[in-house]
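Colleague: I'm new to reading protein models. Could you walk me through this one, feature by feature?

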Amino acid sequence: MRAVPTWIDKVHDLHFLPSIYDLAFKPDGSQLIVAAGNRVLVYDTSDGTLIQPLKGHKDTVYCVAYAKDGLWSPEQKSVSKHKVNSKITCCGWTNDGQYLALGMMNGVVSIRNKNGEEKVKIERPGGSSSPIWSIAWNPSKDEHNDILAVADWGQKLSFYQLSGKQIGKDRTLTYDPCCVSYFSKGEYIVMGGSDKQASLYTKDGVRLGTIGEQSSWVWTCRVKPDSNYVVLGCQDGTIAFFQLIFSTVHGLYKDRYAYRDSMTDVIVQHLITEQKVRIKCRELVKKIAIYRNRLAIQLPEKILIYELYSDDSSDMHYRIKEKICRKFECNLLVVCSQHIILCQEKRLQCLSFTSIKEKEWLMESLIRYIKVIGGPPGREGLLVGLKNGAILKIFVDNPFAITLLKQSTSVRCLDMSTSRSKLAVVDEHNTCLVYDIHTKELLFQEPNANSVAWNTQCEDMLCFSGSGYLNIKASNFPVHQQKLQGFVVGYNGSKIFCLHVYSMSAVEVPQSAPMYQYLERRMFKEAYQIACLGVTDSDWRDLATEALEGLDFDTSKKAFIRVRDLRYLELINSIEERKKRGESDTELFLADVYAYQGKFHEAARLYKRTGLDSRALSMYTDLRMFEYAKEFVGAADPKNTRMLMSKQADWAKNSKEPRAAAQMYLTAGEHLKAIDIIGEHGWVDMLIDIARKLDKAEREPLAKCAAYFQKLKHHGYASETYSKMGDLQALVHLHVEARHWDEAFALVEKHAQFKDDVYVPYAQWLAENDRFEEAQKAFHKAGRQSEAVKVLEQLTHNAVVESRFNDAAYYYWMLSMQCLDIARENEERKEEMLKKFKRFQHLAELYHVYHSIQRYTDEPFSSHMPETLFNISRYLLHNLTKDVPLGISKVNTLYALAKQSRTLGAFKLARHAYEKLQELHVPSRFQESMDLGSLTVRSKPYHDNEDLIPMCYRCSTNNPLLNSQGSVCINCKQPFIYSASSYEVLPLVQFYLDKGIGDEEAVSLIDLEVPCIDRKAARWQEMSKSQSLKLDDGTEDTEEDPFMAKLSFEQGGSDFVPVVVSRSVLRSMSRRDVLIKRWPKPLQWEYYRSLLPDVSITMCPSCFQMFHSEDYELLVLQHNCCPYCRRPIDEPN
């Protein structure tokens, strides 16, 4: 720190020299107000001109101040006054204006609020012997607390918080302080007093130096706002205006920079990682030196040597290694691994860390520059530049200095290249001179330089700064310039370390310019070294390309690896492999390089020169440059011309011109490729044109045409093509795929061998479209009985699950008929299928019956008469064995029986049904009705209506309403025959033929019909192709009827005795009284005789179910088909 006087003035009065008791700056710093005796003077701060004196005070003026925010306005008539117990010597408001500190003669500091109430009282240890002469609040906005500086005449400087708590210890002074003043930002304190000088202190009270020595006491001092100017006022009337100049104290070694901060701290900055570490010295830092892991700091009375904790290049933790407790005067300080070097004008001293002077060198001129250039620990070399132009090299273990060279101008800056072979010097004329150390030859010189630095990673590069520009010079190439403010102090790789004012920064500088300078001279390896320091990706690519064209494959490969260009790396690897195999034709290698770079004509010329015309031709065709290829080939070789045409067609196919490609292929006779292109693009017109022009022997292209027609949904053209080929199977598949069933069936009629190919997919299609019945028939038609059965089984299961019991009955009936067909056709499965036939017939009847029960229980209304529901319920219960079929509910059946029994007066049966229901799990919806019914039926007589009792027509026995033996007579065991609509017992008795009588003979015998006297005419009714027997009222003489005699049987037998008739009995029967179930093979026909000729009975010729004729006619009118097997009435038998 240096104090430079700006101006000095001495105030004179007529009889005496007035004391300067106080000073005040105008807030903008342009004017200075001075209290001199009984006058107030106004000065211009720029040059010390007295602007005007202000007169009017009759006594001495002790204090002046500029109003900032107007504490006391003129409108106020009076101000509040507060009495204190001692004389007030000084005062000061806090920055926010909320508190006032008062310094008093009795050594007390009183801190009061705006109302004058004392909040804090600070009593100094000296009491009244240490009057408080000056106080000041720190104006810094960075401090967390308000800090008060207190100076007393006990020669102490102290610091307090607003709360009254002391900060640190008292600082002892060697004089009585008269004034304390802070810098605008609070970083420094200026203090003056009885020692006749003003001193600069840190904000913590550490003395930094003298500002200006005077000949009398300094009564007041003030700092100009926001500047480094200080003004002093003395007892003898002197006003002195000084500018404080803070010099930069710093040191640099490679990427570590150490500099002074706040005069007492040292900050070490890592220029690469931007890490910083602060070392607090609490004394004025005079010099700093840094080298490798050492840091030396010179303080007023000692030198501290620090070392790094570890050898890690990024470690920033320093610890004290040694202390040299001596006062040194030196211009420059340098530290080495084991020594410190002190430079004082012409003298250099080498001291160990234990303060022992080991060497001393005396120079012939002033030392202007000194730098450590490295070396083994304890034997480092120093580079020294003198004012007379001599440049020396000194080793710390050698007492003799070595003169490197001597120039005529004074040295300003020095640096040596990494190999110690070149020396760069900046002289007093700002010229940068570069010498060869060995030959002492001046290699080159450049103007406008104020500092210079060699690149630590590249021997041939240096940079220098000056006139606002950064200059980079590589080898002996021209200088590359760019704008840069400050001084260059280091150059490492692509980073340039630049000191601008007080800050050090690392500037990233791309090394593109010097790299291109090397490339221009085809110095690829040197260019690669420069690029490694830091260039852009495009620079790397340029280097790689240039090196490749220069056939420097090693450099090129390394550069392409940097930009990750695999394509060129593959090329280089292939060339290297070829070189290993003995190839050495550089022109051929260069041709490959040119081809890769897109310089095709140059590549073709080189290929031709090396005799590899085919490679040039391949290159052109691969690139689709067919015109150039034709030019290159000429009209000489027709084989090459054909090959070109084929390749051109390939290219047209892959490009945006497929139609042109197709035409080219057709021209070349490559029909398959042409058809592929046309088919993929859906050009049907071109495709049919080709198909019609092709000969039918060319099956492969025709088949491909047909396949594309099929894909494009043009089935007509596909059909035409297959017909042309005569491929009937493909034609069948086409119709099937297109669902053109009529055409497919027409083909099958002519060619029965394709029956399976049509009917099976047809059936599958029907099944997929929920047309299962038609699907089943189609499977049947195709002879796929197992598939037909599977479809029916699935249909039946679905119908049962969905409670469509009517459909389930129909499907079971169809299943039974399918099983009958299989039994007829397949002798091996005959027994199995006949069993299934009987089971399915039985299930069909059960589901047919249960359909009515389910509708009655689940729907609110029923179309059936109570008697019908009563009979149906009984029939179902008689036929439900232990295993109840899926979907059939015994609860629903018993519930329906119970309800209808009550309605019809069968109270005994109703009670029995209710009792049975009690044993079952009854749904909640029936529970209330069932409970009520079971109670109310008990009020009815315990017997059934006799009109409901069924009678056996064979033996005339009355049977119980519920028969434990099932649907047979309890007496004769004759099975009952029921009407398939009302389920009343029909007056029919089944009879069997005597041995030796066949079905055809039996029918012919019955048809003979022996005439009978007195028998009333009976007549047949042919209705809807079904047999209908209508007999007029009247009785036959049973004694004349041999059949009636056959009905008798032996009473008391447990076995059923069937009715077996002979030929004579058959002859006696009337055809009108007999109903025949003509079952297809392998089943036997069944014969039934009506015992009540007046009852008209109709039998369906398809399912052989019996109906009362009236019921059947009504149902046929309703459904237009048989209610059981759904055979349409107009379908032929």
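**A first reading**

Modeller: Of the 1133 residues of this chain, 49% count as buried, where buried means under 20% relative accessible area with a 1.4 Å probe, protein chains only. A word of caution: this is a predicted model, where local features need pLDDT of at least 70 and side-chain atom pairs count only at pLDDT 80 or more, while totals for chains, interfaces and linings use all residues. Residues are numbered from 1 along each chain as its sequence is written, and side-chain values use heavy atoms, with hydrogens and water left out.

Colleague: How many helices and strands are in the chain?

Modeller: There are 30 helices and 55 strands. Helices (H or I, at least four residues) and strands (E, at least two) are DSSP runs, numbered from the N terminus.

Colleague: What span is expected for a helix?

Modeller: Take 1.5 Å times one less than its number of residues. Helix H21 (residues 805-825) has 21 residues, and its first and last C-alpha are 30 Å apart, close to the 30 Å expected. H21 is also largely enclosed by the rest of the structure, because 18 of its 21 residues are buried. For the 12 residues of helix H25 (residues 907-918), the rule gives 16 Å, which agrees with the 17 Å between the end C-alpha atoms.

Colleague: Which residues of H25 are buried, and what do they pack against?

Modeller: The buried ones are Phe907, Leu909, Ala910, Arg911, Ala913, Tyr914 and Leu917. An α-helix has 3.6 residues a turn, so residues three or four places apart point the same way. In H25, the buried residues pack against helix H23 (866-879), H24 and helix H26 (924-936).

Colleague: How do I read the angle between two helices?

Modeller: Axes are lines fitted to C-alpha atoms, for helices over the stretch in contact, and angles run from 0 to 180 degrees between N-to-C directions. Under 35 degrees counts as roughly parallel, over 145 as roughly antiparallel, 65 to 115 as roughly perpendicular and the rest as oblique. Helix H2 (residues 524-533) and helix H3 (residues 537-549) pack at about 165°, with axes 11 Å apart, so H2 and H3 are roughly antiparallel. Here Phe524, Ala527, Tyr528, Ala531 and Cys532 of H2 meet Trp540, Leu543, Glu546 and Ala547 of H3; contact means heavy atoms within 4.5 Å. By class, that contact has eight nonpolar, no polar and one charged residues.

Colleague: And at what angle do H22 and H24 cross?

Modeller: The axes of helix H22 (residues 830-858) and helix H24 (residues 890-904) cross at roughly 75° and come within 9 Å. H22 and H24 are therefore roughly perpendicular. Among the residues making the contact are Tyr850 and Ile853 of H22 and Tyr895 and Ala896 of H24.

Colleague: Last one: is Thr220 buried or exposed?

Modeller: Thr220, in strand S18 (residues 218-223), is buried, with a relative accessible area of 2%. Not counting residues up to four places away in sequence, Thr220 touches several residues, including Ile20, Tyr21, Cys179 and Val231.

Methods
Buried < 20%, exposed > 50% of the residue type's maximum accessible area, 1.4 Å probe, protein only. Nonpolar A, V, L, I, M, F, W, Y, C, P; charged D, E, K, R; others polar.
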